[in-house]
Structures are given as structure tokens and as C-alpha cells.
Amino acid sequence: MKFRKTLFRAVLAALALYIVWAGWQVARFTRYESAPAAPSASSSAPDGLYELQGAYHMHSRFSDGHKTVDEIARVAAAAKLDFIIFTDHGKPNFASLDAQGRKSGVLVLAGSELSVSRGHLVALAFDRPAPDHPFSQNAEIAAAEVHSLGGFTVIAHPYAKVRWSWGELADYTGLEIINGDSVIRENFLRHLPYYPLLLVKPSFAVLKMIDPPDVTLAKWDQLLARRPERPMLGFYSTDAHFLYRAIFPVLHLHVLLDSPPAADFADARAQIFAALRRGSFYSAIDGAADARGFRFRRDGPVLRVSAPFSFAHETIIIHDGRVIHRSPATELALPLTGPGVYRAEVFLRERSPLDGGVPWITANPISIEKDGR
Ligand SMILES: [Zn+2]
Ligand SMILES: [Zn+2]
């Protein structure tokens with residue numbers, strides 16, 4: 001009897017300690033905001049680009065997601081997203097493709113997540129195949145089929161869930177660097193204290209669970225070395241199946257367009273897919289800080305980075321897998337040091353639930369040929 005009482009008191013004390021600790025953590029959480037004039041879908045930045053924010057890779061009830069497309073679009077609207085991209089499982093998933101359109105003011109696009117011989121492959125922007133000619137189960141053949149129908153492919157969660165088995169580097173356009181669903185599902189024990197907080201302060205909890213994607217980034221640099229002429233693109237993916245409200249505010253793609261998104265849905269969809277295919281976007285963890293306005297581009301013999309943020313941050317420039325420059329500056333001009341592939345990552349240096357080793361922003365690579373082109 002006495003033992004039971006002591007145990008009960010110990011459990012109560014532990015619970016009280018947990019609540020105090022969790023309350024303190026959540027109370028200290030700040031999301032850093034950008035300048036009010038940051039670029040958006042309706043007003044261009046000084047460089048004339050329109051910046052759309054959206055979430056990529058998610059599932060609806062058309063496969064193993066827990067909400068309908070319309071319900072998810074409403075969640076996206078509440079998170080102030082300009083677009084979302086469904087990737088329901090299928091070969092492709094025709095029902096999901098049929099549900100595209102403008103919903104709750106959000107551009108709702110769809111591709112499909114194909115289960116192929118090497119893992120999961122996301123196919124985007126393709127013309128639909130005939131229903132009796134679904135995409136192949138063979139990874140390389142499927143990528144070629146998607147390509148021949150005008151689309152492109154992204155390797156999903158290469159080191160989590162269904163892992164990708166690397167082989168010949170076929171015609172893949174990109175790979176996922178961070179995958180929201182695996183962030184939440186993996187490392188269960190380490191994440192245990194944060195699961196209850198998904199109900200209280202979801203974006204804080206998700207931020208706490210993101211581990212540095214070191215293995216994927218190292219693999220990305222290897223792939224870039226193997227195919228520098230057509231550099232692989234990096235995507236932050238939500239892969240949301242049920243926690244849409246928690247993940248949508250956290251992991252974003254920022255798509256850069258030369259003109260505002262067209263009023264016609266099909267045209268706007270084509271603009272977004274074209275920008276993704278050519279790498280005119282960057283990935284960011286906006287749940288930690290507003291990443292609008294970031295730019296990484298080549299300007300003749302120099303690389304230029306704009307990181308117009310008032311809070312502390314650090315940009316690193318990577319050349320052929322090696323860090324060649326680190327800077328806390330908001331504007332950076334770095335002379336090219338030779339041919340190869342250059343890319344940039346930005347780290348948040350303010351106090352944040354985001355681990356200091358996780359790139360807050362990941363920019364797409366810029367490839368310089370031997371003759372300097
Ligand atoms: Zn998957
Ligand atoms: Zn998925």
C-alpha cells in the first residue's frame with residue numbers, strides 16, 4: 001500500500017515537472033518574422049520575381065491520407081499557402097489528378113507517388129498515361145516514361161521509410177532532403193517528449209523533431225559530382241498523411257516566377273511546375289523563421305546571395321561538396337573559383353527549436369562548366 005502511494009506521488013511529480021518543462025519550452029518559442037514588404041505571389045521583389053509559398057508531397061483520402069482534398073486545401077489556406085502538391089500513391093493516381101484546381105484560394109496541384117523497384121518516386125507535371133498503360137514498376141523505366149509524357153521525377157525520402165537503392169543515375173530531376181512524415185515517425189524515443197506538444201504547439205513540436213539531414217546532403221553532393229551538367233534539385237517535402245495542420249506551416253517550397261501566377265488554373269499550374277523543374281525555387285523551414293526574399297544566383301563571374309533577414313543567420317557556400325565560405329551578411333558577392341557545382345545553405349543563428357545543424361534554407365545548385373559558362 002505504502003509502495004503504491006509512493007509510486008503514485010513519483011508519477012505525479014514527474015508529470016508536473018514535464019508540464020513545467022514543456023510550458024517553458026513552448027513559451028520561449030519565437031518564430032522570426034521578415035520585413036512586411038517581403039515578396040509574395042501578388043507583389044514582386046526588387047528583382048522582379050514573384051514568390052509563391054507552398055507545400056509539396058502529401059496524401060489525401062485518394063490514397064492513405066486522412067482528409068479529403070477539399071479539407072486539406074482549407075488547412076493550406078489557413079496556413080496562407082499559395083499552392084499545395086498532392087502525391088497520392090498510384091501508377092498514377094487518376095482520382096487525385098482529377099481533383100486539381102483552385103480550392104479555398106489555393107492552387108491545388110497533383111502528381112503521384114510511384115512505388116518502384118528502387119523505392120518511392122514522385123512523378124510530377126506529366127500528361128496522363130492511358131489507364132491500361134500505367135507507369136512501370138521498374139524505377140529507371142518509370143522515370144523515362146514520366147519524362148516522355150512531359151513530366152519529371154523526384155526521389156522521395158531516400159534514407160527513411162522505403163529507402164532508395166541507388167544504382168545507375170537515371171533521369172531523375174531531384175531528391176527529397178527533408179521529409180516531414182519521416183521526421184515525425186522516426187527516432188520515436190528521442191521525440192517522445194515532443195509528441196504531446198503536437199496538440200499544444202504543433203509547429204514547435206515538428207521543429208524539435210527535425211534532425212540534420214547530413215547523410216542525404218552528402219549523397220546529394222555525390223550525385224551532383226556524378227552529373228554536374230544537369231544538377232539534381234533538392235526538395236523539402238511534407239509527406240503529410242494526417243498532421244496537415246502541424247506540418248504545413250513548417251516545411252515550404254518558395255517558387256520564383258517571372259510573372260504573377262495566371263488567373264487560369266491550368267496556366268498557373270504550368271508556371272509552378274516549370275519553375276520547379278528548372279530549379280527556380282528554394283526549400284525553407286518557415287516554421288522557424290519567415291524565409292521570403294532569399295536569393296542565390298549567378299551574376300557573371302560572381303555568385304550572389306541575398307539573405308535579407310534582420311535576425312541572425314549564417315550562409316554557407318558549398319563548392320563540389322566542400323564549404324568554401326561562411327558569412328552572416330545579408331548580401332554576399334563571391335567570385336567563382338572555378339568550374340563545378342555551387343550550392344548554398346542558410347542556418348538560423350537565433351535561439352530556435354530548430355537544431356543548429358539543420359539548414360533553415362537550402363538553395364538549388366548552380367553548375368559552372370569548364371569554359372566558365
Ligand atoms: Zn513514400
Ligand atoms: Zn508520400
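Metal donors are taken here as N, O and S atoms within 2.8 Å of the metal (3.2 Å for Na, K and Ca), and water is not among the atoms, so sites may look incomplete. The structure is a predicted model, in which local features need pLDDT of at least 70 and side-chain atom pairs count only at pLDDT 80 or more, whereas totals for chains, interfaces and linings use all residues. Residues are numbered from 1 along each chain as its sequence is written, chains are lettered from A and ligands numbered from 1 in the order in which they are written, and side-chain values use heavy atoms, with hydrogens and water left out.

Under this criterion, Glu 113 bridges the zinc ion (ligand 2) and the zinc ion (ligand 1), which are 3.6 Å apart. Two elements of the fold, given as DSSP runs numbered from the N terminus (helices H or I of at least four residues, strands E of at least two), flank each of two loops at the site: His 59 lies in the loop between strand S1 (50-56) and helix H2 (69-78), and Asp 239 in the loop between strand S8 (233-237) and helix H10 (244-247), so that the pair ties together parts 180 residues apart in sequence. The zinc ion (ligand 2) is coordinated at 2.0 to 2.3 Å by His 57 (NE2), His 59 (NE2), Glu 113 (OE) and Asp 239 (OD), and these donors follow the spacing H-x1-H-x53-E-x125-D along the chain.

Buried denotes under 20% relative accessible area (1.4 Å probe, protein chains only). His 59, at 0% relative accessibility, is buried, and Asp 239 is buried at 1%.

A nonpolar core is a set of buried Ala, Val, Leu, Ile, Met, Phe, Trp, Tyr and Cys residues joined through side-chain atoms within 4.5 Å. The largest such core has 92 residues, of which Ile 84, Phe 248, Ile 285 and Trp 360 touch the most other members. Apart from this core lies another, of 26 residues, including Val 122 and Phe 265. With contact meaning heavy atoms within 4.5 Å, and with neighbours within four places in sequence left aside, Ile 84 is in contact with residues including Met 58, Val 108 and Phe 248.

Thr 153, found in strand S6 (residues 152-155), is buried, with a relative accessible area of 1%.

Terms used. Buried means under 20% relative accessible area, exposed over 50%, partly exposed in between (1.4 Å probe, protein chains only).
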